[in-house]
Amino acid sequence: MEQENKKQKLPKIFIVLRILSLIMLIAGIVLIVLSMTVFKVGEASSMGVRFGGITLIIFSFVAAFIGFSTSIAKAQIKAQKHVISQSKEDLKDISEMHGDIMSPTSEKVARAVKKGLSEEEPSEEHKYCKECGKEIDKDAKFCEHCGHKQ
Ligand SMILES: [Zn+2]
């Protein structure tokens, strides 16, 4: 509940800062215009008013920066999300390309592993020829493939 209250209160400060920055900007411009029209240029009063106007404009930029920081952050997050989603698509493409290249190889590996496993399986009725390595009957005295003596 406290977190929800904080979330609801926070934007108000930013809205106030945005309004304040607009008021300060207008006031600053008005002061600068006044310093160049109503007040005599070069006089201390004109300089003071102009300085006040410039200060107000600087404050207005600071207030605007803070006031719009949530929007800036949101825009940045949005931009990052866009970049991430694009990279995801690129990665997907790369992995698909990689998969196409790798699939014949992985199929070979899978077949070899399968074959290896089945060959390593101890067979009761069969053995392998010492010469050619082919499967022959356990009791066979000669290889049925190459004729080598067992
Ligand atoms: Zn043989």
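Which residues gather in a patch of negative charge on the surface? Select Glu89, Asp90, Asp93, Glu96 and Asp100, and the patch is on screen. The coordinates belong to a predicted model, so every stop on this tour should be read as a feature of a prediction.

**Whole chain**

Start with the cartoon view before going further into side chains. The protein has 3 helices and 2 strands. Followed from the N terminus, the order of elements is α-α-α-β-β. Colour by relative accessibility next: of the 150 residues in the protein, 13% are buried.

**Stop 1: the negative patch**

Select residues 69–120, which form helix α3. Glu89, one of the residues in the negative patch, lies in this helix. Show the side chain of Glu89 and check its cover. Glu89 has a relative accessible area of 52%, and because the cut-off for exposed is over 50%, Glu89 counts as exposed. Keep Asp90, Asp93, Glu96 and Asp100 displayed alongside Glu89 to see the patch as a group.

**Stop 2: the nonpolar patch**

Now select Ile54, Ile58, Val62, Phe65, Ile66, Phe68 and Ile72. Together these residues make a nonpolar surface patch of about 630 Å². Which helix gives the largest share of the nonpolar patch? Helix α2, residues 44–67, contributes 5 residues, the largest share. Phe65 is a patch member and lies in helix α2. Its relative accessibility is 59%; Phe65 therefore counts as exposed, since the threshold is over 50%.

**Stop 3: the cysteines**

Select Cys132 and then Cys146. Are these two residues exposed or only partly exposed? Cys132 is partly exposed, at a relative accessible area of 35%. Cys146 is also partly exposed, with a value of 39%. Both values fall between the 20% limit for buried and the 50% limit for exposed, which is why the class is partly exposed. How many disulfides are there? The count is 0, where a disulfide would need a pair of cysteine sulfur atoms within 2.5 Å.

**Stop 4: Gly147**

Move to the segment after β2, the strand at 135–137, where Gly147 is found. Gly147 has 42% relative accessibility and so counts as partly exposed. Finish by drawing a C-alpha to C-alpha distance from Gly147 to Cys132: the two are 9.4 Å apart in space and 15 residues apart in sequence.

Notes:
Residues are numbered from 1 along each chain as its sequence is written. This is a predicted model: local features need pLDDT of at least 70, side-chain atom pairs count only at pLDDT 80 or more; totals for chains, interfaces and linings use all residues. Side-chain values use heavy atoms; hydrogens and water are left out. Patches are made of residues with over 30% relative accessible area and no salt bridge: like charges are joined within 9 Å, nonpolar side chains (Val, Leu, Ile, Met, Phe, Trp, Tyr) within 5 Å. Accessible areas come from the Shrake-Rupley method with a 1.4 Å probe; for residues, only the protein chains shown count as cover. A salt bridge is a side-chain nitrogen of Lys or Arg within 4 Å of a carboxyl oxygen of Asp or Glu. Lys and Arg count as positive and Asp and Glu as negative; His and the chain ends are not counted. The place of a charge is taken as NZ of Lys, CZ of Arg, CG of Asp or CD of Glu. Helices (H or I, at least four residues) and strands (E, at least two) are DSSP runs, numbered from the N terminus. Buried means under 20% relative accessible area, exposed over 50%, partly exposed in between (1.4 Å probe, protein chains only).
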